[in-house]
Amino acid sequence: MNLQFVVLGLLTGALTGAFFALVDVPIPAPPELPGLMGIVGIYLGYKLVEMSGTSLEILESIGF
């Protein structure tokens, strides 16, 4: 993982959030910690399955 990309992503997100607040538009993300933790949980679950090397080839099993 490249730390520069992580910092750049965080900075981009912070600037975008500041812009939304400046123009008084609701952010397109959960406004409370439980919702945010749900997004973090989705990411962690995806990474855990990806690291395990398992997957279900659903499209392949139905002929696509």
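Which helix holds methionine 37? Methionine 37 sits in helix H2 (residues 33-52). The views below show a predicted model, in which local features need pLDDT of at least 70, side-chain atom pairs count only at pLDDT 80 or more, and totals for chains, interfaces and linings use all residues. Residues are numbered from 1 along each chain as its sequence is written, and side-chain values use heavy atoms, with hydrogens and water left out.

View 1. H1 covers residues 3-22. Helices are DSSP runs (H or I, at least four residues), numbered from the N terminus. The end C-alpha atoms of H1 are 28 Å apart, which agrees with the 28 Å that its 20 residues should span at 1.5 Å a residue. The expected span is 1.5 Å times one less than the number of residues. Asparagine 2 caps the N-terminal end of H1. One of its side-chain oxygens lies 2.9 Å from the backbone nitrogen of glutamine 4.

**View 2. The aromatic pair.** The structure holds one aromatic pair. Phenylalanine 19 and phenylalanine 20 form this pair, 6.4 Å centre to centre with 55° between the planes, and it counts as tilted. Rings of Phe, Tyr and Trp (its six-membered ring) pair if their centres lie within 6.5 Å; planes under 30 degrees apart are stacked, over 60 edge-to-face, and the rest tilted. Phenylalanine 19 has 49% relative accessibility, so it counts as partly exposed. Buried means under 20% relative accessible area, exposed over 50%, and partly exposed in between (1.4 Å probe, protein chains only).

View 3. Aspartate 24 is in the loop between H1 and H2. Its phi is near 55°, a positive value in a residue other than glycine. Aspartate 24 counts as exposed because its relative accessibility is 70%.

View 4. H2 has 20 residues and reaches 28 Å from its first C-alpha to its last, close to the expected 28 Å. Leu33, Leu36, Met37, Ile39, Val40, Tyr43 and Leu44 form a nonpolar surface patch. Together they have about 660 Å² of accessible area. Methionine 37 has 46% relative accessibility, so it counts as partly exposed. Glycine 53 follows H2, with a positive phi near 80°.

**View 5. Alanine 21 and leucine 44.** Alanine 21 lies in helix H1. Alanine 21 is exposed because its relative accessible area is 58%. Its C-alpha atom is separated by 28 Å from that of leucine 44, 23 residues apart along the chain.

Definitions and conventions:
Helices (H or I, at least four residues) and strands (E, at least two) are DSSP runs, numbered from the N terminus. A polar contact is a pair of N or O atoms within 3.5 Å; within protein, one must be able to donate a hydrogen and the other to accept it, and residues adjacent in sequence count only if both atoms are side-chain atoms. Patches are made of residues with over 30% relative accessible area and no salt bridge: like charges are joined within 9 Å, nonpolar side chains (Val, Leu, Ile, Met, Phe, Trp, Tyr) within 5 Å. Accessible areas come from the Shrake-Rupley method with a 1.4 Å probe; for residues, only the protein chains shown count as cover. A salt bridge is a side-chain nitrogen of Lys or Arg within 4 Å of a carboxyl oxygen of Asp or Glu.
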